[in-house]
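This briefing sets out selected features of the structure shown below, grouped by topic.

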Amino acid sequence: MQGKKLNFYKIQPENSEHMLILSQIKTETPYLGDLTNYDFQSKGKGITGKNYFVENNGEIIGYIGLSEEIDTSIGKTVSLYYAVRKKYYGKGYGCLILDEITQILKENTLIDCIVANVNNQNTFGIRTIERANFKQVSELSDDEEIQYHKYLR
């Protein structure tokens, strides 16, 4: 998938270079857990249900995973998980990734709402998700994570 500035391409679990990069991202981003253990089988028919590397100018700057689309009381919903590689921290890439994937989902799917859970200790993640105009849902947050929603429709 192509955004305005970023390229998103599916992670191939049989590609050892992909798994090495995921391992590096895992050590730099403890809040996501072990990315190399995620299920990378393409479940979704379109954009959702897949995991992607995020590329800018030929460099992998991060990762984004999209859950499969589900029907909820607030409409068609997808959860996202993302990470920015440590050497790209503080350069605005987290917000750019979120903005571009939001636009891609809005233009290419019927998704109504994106859900993101952020660890309460991840102050940079909280700041990034809020700058990307996700709104905190207090009643769905707890002592460990804050849940955020962004409505597309």
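**Largest pocket and surroundings**

In this predicted model, the largest pocket holds about 770 Å³ of space. Strand 5, helix 2, strand 6 (113-119) and helix 3 (123-131) each give two or more residues to its lining. Local features need pLDDT of at least 70 and side-chain atom pairs count only at pLDDT 80 or more, while totals for chains, interfaces and linings use all residues. Residues are numbered from 1 along each chain as its sequence is written, and side-chain values use heavy atoms, with hydrogens and water left out.

**Pocket lining**
- The largest pocket is lined by 31 residues, and Tyr82, Asn122, Phe124, Gly125 and Thr128 lie nearest its centre.
- Its lining comprises 16 nonpolar, nine polar and six charged residues.

**Helix 2**
- Helix 2 (residues 93-108) has 16 residues and reaches 22 Å from its first C-alpha to its last, close to the 22 Å expected at 1.5 Å a residue.
- Buried residues (under 20% relative accessible area, 1.4 Å probe, protein chains only) of helix 2 include Tyr93, Cys95, Leu98 and Leu105.

**Ser79**
- Ser79 lies in strand 5 (residues 75-84) and is buried, with a relative accessible area of 19%.
- Leaving aside residues up to four places away in sequence, Ser79 touches Gly65, Leu66, Ser67 and Val115 (contact: heavy atoms within 4.5 Å).

**Confidence**
- The mean pLDDT (the predictor's confidence in each residue, from 0 to 100) of the protein is 90, and 92% of its residues reach 70 or more.

Definitions and conventions:
Helices (H or I, at least four residues) and strands (E, at least two) are DSSP runs, numbered from the N terminus. Buried means under 20% relative accessible area, exposed over 50%, partly exposed in between (1.4 Å probe, protein chains only). The expected span of a helix is 1.5 Å times one less than its number of residues. On a 1 Å grid over the protein atoms alone, a cavity is a set of points where a 1.4 Å probe fits but cannot get out, and a pocket is an open set with protein on both sides within 12 Å along at least five of seven lines; lining residues have an atom within 4 Å of a point. Grid points are joined across faces, edges and corners, and a volume is the space filled by probe spheres set on the points. Ala, Val, Leu, Ile, Met, Phe, Trp, Tyr, Cys and Pro count as nonpolar, Asp, Glu, Lys and Arg as charged, and the others, Gly among them, as polar.
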